[in-house]
Amino acid sequence: MLLGHVVEPMGQKSPELSIVVSARNDDHGGNFMRRMQIFVTGLLEQAKRFQLDSELITVEWNPPHETPRLADAMAWPSGASPCSVRIIEVSPELHSRFRYSDRIHLFQMIAKNVGIRRARGRFILATNVDILFSDELMRFLTSQALEPRCMYRIDRYDVPADVPTECSVVEQLNYCRQNVIRVNGRDGTIDAATWKTREQSMIGGRRLLLPNRFYQLLGKALRHRALGYFSSPATTQGTWLRRLRKYVRPFYPSLHVNACGDFTLLAREDWLSLRGYPELELHSMNLDSLFCYMAYKDGVAEKILRDPMRIYHIEHAPGWISQWMRKERLDALGIPMLTWTQLESWVMRMYSQRAMPLFNSEAWGLGFENLPEKRISSK
């Protein structure tokens with residue numbers, strides 16, 4: 001493996017797929033560069049093996065002064081590849097314009113918007129730098145089966161931090177398959193033992209999802225009449241209503257938003273028409289879910305990619321924690337976040353309106369800024 005050198009971006013034809021991530025060399029979660037190296041090496045090797053016509057866009061947000069830039073810190077695989085690599089930098093000066101910039105060092109969703117807005121691909125996948133894609137998923141991405149007006153989602157399989165590096169991607173994927181910690185699926189997050197039990201109890205190769213479907217139909221039937229009542233401040237204060245909400249799903253679509261920040265794939269025109277993720281100056285939690293509801297409200301159909309198509313997420317500190325535990329930690333740091341309760345309120349209000357409200361201005365994704373960009377080329 002050789003270290004690539006950096007050249008200025010050159011004009012080229014639009015690829016089929018743009019893969020957008022955000023990062024900074026700050027050791028977030030511990031062993032950050034190791035996890036990112038696994039992601040980059042795996043993606044580029046698979047792109048070459050499956051001939052995935054693609055580009056990897058890394059938005060380097062607010063790079064620390066004391067550490068090397070990602071272009072210099074990463075080992076870039078040598079040889080020609082159908083996946084080009086672009087690194088777009090957002091300077092600390094631009095970062096400082098945002099509220100809470102002294103406490104939030106990476107505005108993850110705004111950073112991804114920077115890449116989404118500048119992506120050239122017909123389709124754009126927003127993901128993260130600690131992910132491995134199964135070969136079955138890569139085959140699908142190269143099958144020319146992607147469709148506009150569809151939002152592709154997938155289950156996330158968490159695996160230990162010690163994914164081996166001195167081996168091929170095929171061996172890494174075998175390790176991941178055999179060492180699943182938990183599964184983040186449509187109906188929640190479950191540990192590996194529970195997931196295996198569910199797999200063994202499948203009937204005819206499909207899980208029983210009748211309760212979920214029942215509540216979807218109930219919500220559709222009652223939404224227009226009950227939505228305003230349930231979302232009004234006066235009624236949600238009642239104790240009996242709070243108890244009822246634990247057992248009855250809210251009256252909006254039941255989408256697969258669990259770990260959606262790790263894999264959300266839409267056509268480029270759909271990302272652009274929605275103006276990307278809501279650019280709220282908050283911790284990134286639940287902003288990705290809000291985007292999914294925006295897309296569905298706008299008429300984009302949800303399509304869930306089924307097993308054996310998977311993404312594997314490399315575990316890191318603090319690991320999986322509940323949203324309430326996360327909120328307690330963020331509150332202690334003075335960092336605001338969009339809670340699930342607030343998200344539900346916004347979504348219910350959104351679905352009570354005829355038009356789909358846009359959160360962002362025309363300047364979304366720092367669209368009016370001339371940002372420096374580098375292209376990685378192998379020696």
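I count a contact when heavy atoms lie within 4.5 Å. My helices are DSSP runs of H or I with at least four residues, numbered from the N terminus. I am reading a predicted model, where local features need pLDDT of at least 70, side-chain atom pairs count only at pLDDT 80 or more, and totals for chains, interfaces and linings use all residues. Residues are numbered from 1 along each chain as its sequence is written, and side-chain values use heavy atoms, without hydrogens and water.

**Entry: helix 12 and helix 14**

I looked up helix 12 (residues 287-297) and helix 14 (residues 340-351). Their axes, lines fitted to C-alpha atoms over the stretch in contact, come within 11 Å and cross at roughly 15°. That makes the two helices roughly parallel, a label for angles under 35 degrees.

Which residues meet? Ser289, Leu290, Tyr293, Met294, Tyr296 and Lys297 in helix 12 touch Trp340, Leu343, Trp346, Val347, Met350 and Tyr351 in helix 14. By class, this contact has ten nonpolar, one polar and one charged residues.

**Entry: the cavity**

I searched a 1 Å grid over the protein atoms alone for cavities, sets of points where a 1.4 Å probe fits but cannot get out. The structure holds one cavity of 30 Å³ or more. About 40 Å³ of space lies in the largest cavity, taken as the space filled by probe spheres set on the points.

I noted its lining, residues with an atom within 4 Å of a point. Gln323, Trp324, Lys327, Met337, Thr339 and Trp340 line the largest cavity. Helix 13 (residues 323-333) gives the largest share, three residues.

Terms used
1 Å grid on protein atoms, 1.4 Å probe; cavity = no way out; pocket = protein on both sides within 12 Å on 5 of 7 lines; lining within 4 Å. Axes fitted to C-alpha atoms, helices over the stretch in contact; angles between N-to-C directions. Parallel < 35°, antiparallel > 145°, perpendicular 65-115°, else oblique. Nonpolar A, V, L, I, M, F, W, Y, C, P; charged D, E, K, R; others polar.
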